[in-house]
Amino acid sequence: MDHKELTGHFLELNRRASTVVPPDVEKAIRQGIENEGEGTTAASTLTLLLENCDKACDASTPICQDTGALYFFIDYGPDYRQKPLRAAIEEATAQATAKYYLRPNAVDSVTGKNSGNNLGLGTPIIHFHERDENGLRIRLMLKGGGSENMSIQYSLPDNRIGAGRDLDGVRRCLLDAVVNAQGKGCGPGILGVCIGGDRGSGYIAAKETLFRLLDDKNEDINILKQTIGD
């Protein structure tokens, strides 16, 4: 695949990530409307959200005015190299910004200057994973500031919330995080959770779980027992 073709694929991925809601997320929102009941504030808000999603999809305009930071997860085989992939990603990102699929969010942390094209030191954020088989898998997450600012890590045991070093302690952490995020992050929210790891790898793994379908179940039998019983 040549540079132009690669760039075109990355550009289309940027467009879809910004303007199209995945089917499983849309289904969950519709279920939320049904659960909340007709005439409630929550149902009305979720209905407006879906109407906005439909209009964004039809016009290829961003669903949210904050298209956030770009996180690329690239699984590549021996027939690809990182440098050309990075170049194609950066070119596609600049094109997507120029076409207004993305809001220009890349701001220098020291000078406060906006690059205007979502390119800069450390952005877009790209995680490369080498694999043995040929081919390429590309995943993109647009992480808005409202959700990113609500990201949190816990060290167990946590006496403040009575959380021990077990799965019940993890559950207490999740509930505490949701309660403290109310009215701060953009709703409705989806939790990406990692148990274990260090300060850096835990955050990355938690983000990567957000690529899974909402009805996906963890394959770890010990977690399944805790969530659905023996």
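## A first stop: proline 157

Proline 157 sits in the loop that runs between α5 (145-148) and α6 (167-181). Helices here are DSSP runs of H or I with at least four residues, strands are runs of E with at least two, and both are numbered from the N terminus. Leucine 156 and proline 157 are linked by a cis peptide bond, with omega at about 5°.

Before going further, a word on the model: it is predicted, so local features need pLDDT of at least 70 and side-chain atom pairs count only at pLDDT 80 or more, while totals for chains, interfaces and linings use all residues. Residues are numbered from 1 along each chain as its sequence is written, and side-chain values use heavy atoms, leaving out hydrogens and water.

## The sheet and a helix on it

Let us turn to the strands. Three of them make an open sheet of mixed pairing, in the order β2-β1-β3; two strands pair if DSSP finds at least two bridges between them. The edges belong to β2 and β3 (136-143), each having a single partner strand, so one side of each has no neighbour in the sheet. From one strand to the next, the twist averages 15°.

Strand β1 (residues 69-76) and β2 run parallel and are joined by six bridges. Across from tyrosine 71 you will find isoleucine 125 in β2. Helix α1 (residues 3-19) packs on the sheet, where α1 touches β1 and β3, and its direction makes about 40° with that of β3. Such axes are lines fitted to C-alpha atoms, for helices over the stretch in contact, and angles run from 0 to 180 degrees between N-to-C directions.

## Asparagine 118 in its loop

Asparagine 118 lies in the loop between α4 (82-98) and β2 (125-130). This residue counts as buried because its relative accessibility is 2%; buried means under 20% relative accessible area, exposed over 50%, and partly exposed in between, with a 1.4 Å probe and protein chains only.

The side chain of asparagine 118 has a polar atom 2.9 Å from the backbone oxygen of arginine 103, and one 3.0 Å from the backbone nitrogen of asparagine 105. Not counting residues up to four places away in sequence, asparagine 118 touches residues including Leu70, Thr93, Pro104 and Thr123, contact being heavy atoms within 4.5 Å.

## Backbone details to look for

Asparagine 118 has a positive phi of about 65°, although it is not a glycine. Serine 60, in the loop between α3 (41-59) and β1, is not a glycine either, yet has a positive phi of about 55°.

Conventions: A polar contact is a pair of N or O atoms within 3.5 Å; within protein, one must be able to donate a hydrogen and the other to accept it, and residues adjacent in sequence count only if both atoms are side-chain atoms.
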